[in-house]
Amino acid sequence: MRHFILAGLLASAVALPALAADYTIIAPAGPGGGWDQTARTMQEVLQAEGISSSVQVQNVPGAGGTVGLAQFASSAAGDPTQLIVGGYVMVGAILTNGSPVSLKDVTPIARLTGEYEAIVVPTASPIQTIGELVEALKADPGAVSWAGGSAGGADHITVGLLAKAAGVDPTKINYVAYSGGGEALAAILGNQVTAGVSSLGEFLPQVQAGTMRLLAVSSADRIEGVDAPTLAEAGFDVVLQNWRMVAAAPGLTDEQKAAIMADIEKMNASEGWTSALATKGWANTWLAGADFEAQLATDTAATEGILREIGLVK
């Protein structure tokens, strides 16, 4: 009888549904920037949709995400509860910084979002248009300072491409790199720099509040609801979209990788994620699995070509 009861208890335990996975997401930048916002949006949606019972976010800023990437690759190996967000900025920073750790050292899961770049000045600036800003750049490249994210990232590349399109030597630009979007915002709002460049969503609240003037965006066509010309429309052949991704730890089994992929797919398909992307003005650029890994290799090669072209990689 005792054996029968024990066997019954064991069978009941086995029949219980598996607990939702707990995750820790590394945002490899300071608070307030795009990666931090992406990690915290994932945290909110994964929990609200019942996909995960507990999600923690940790900020590990530095060197365009390569500090956080290196820490993640070494400390999270084999752990299926660890995730890291990254993207185009990290691809550029790995190349610019000569990082010994790359995205080949983690397990890419999916590309999640895309967002165009925006160029702003503080409202108190005498510069009213992107044309006036470029004229100042042409007159004295070093006198025009730009606040943006890490060296070699999407923000830096955007300024380099704009300079090149305007006939200015990209190696002469005065770019001030900040490890987090919050620091760059403070520099722009404090009139410490001439202009700022970052993903549109990071500037929109300040533009709508009247503390920043939006001069141009890096999309091919005008963005609905955004009162600003494209760079191409203003006469500069520059189109660039900053994408963001999520990766898992290295050294996972196929089963562990499949379980994470299933959770992220559920998040991407959820109403909560769709609503969050709409609120933040992020495009859903979902691409997963082998297709994403192939695109990542293509993007890395293309980014290296751009960085060499504008003199950020020798």
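**Ground rules.** I am working from a predicted model, in which local features need pLDDT of at least 70 and side-chain atom pairs count only at pLDDT 80 or more, while totals for chains, interfaces and linings use all residues. I number residues from 1 along each chain as its sequence is written, and side-chain values use heavy atoms, with hydrogens and water left out.

**Whole chain.** I looked up the secondary structure and noted 11 helices and 10 strands, where helices (H or I, at least four residues) and strands (E, at least two) are DSSP runs numbered from the N terminus. The radius of gyration is 22 Å, close to the 20 Å that the globule rule gives for 314 residues, so the chain is as compact as a globular protein of that length; the radius is taken over C-alpha atoms, and the rule is 2.2 Å times the number of residues to the power 0.38. Along the principal axes, I noted that the C-alpha atoms fill a box of roughly 90 × 40 × 30 Å.

I then checked burial and found that 52% of the 314 residues count as buried, meaning under 20% relative accessible area, with exposed over 50% and partly exposed in between (1.4 Å probe, protein chains only). Of the contacts with a separation of 6 or more, 77% come from residues 24 or more positions apart, a contact being heavy atoms within 4.5 Å.

**Strand E3.** Which residues of E3 lie on each side, and are they buried or exposed? I found Gln 82, Ile 84 and Gly 86 on one side and Leu 83, Val 85 and Gly 87 on the other, all buried. With six of the six residues of E3 (residues 82–87) buried, the strand is largely enclosed by the rest of the structure. In a regular strand, side chains alternate between the two faces of the sheet.

For its partners, I noted that E3 pairs with strand E1 (residues 23–27) in the parallel sense over three bridges, and that Thr 24 has Gln 82 as its bridge partner in E3. E3 also pairs with strand E9 (residues 241–248), in the antiparallel sense over five bridges, where Gly 86 stands opposite Met 245. Pairing here requires that DSSP finds at least two bridges between the strands.

**Asn 268.** I located Asn 268 in helix H9 (residues 254–269) and found it buried, with a relative accessible area of 14%. Which residues does Asn 268 contact, leaving aside its neighbours within four places in sequence? I listed Trp 273, Thr 274, Asn 284 and Trp 286.
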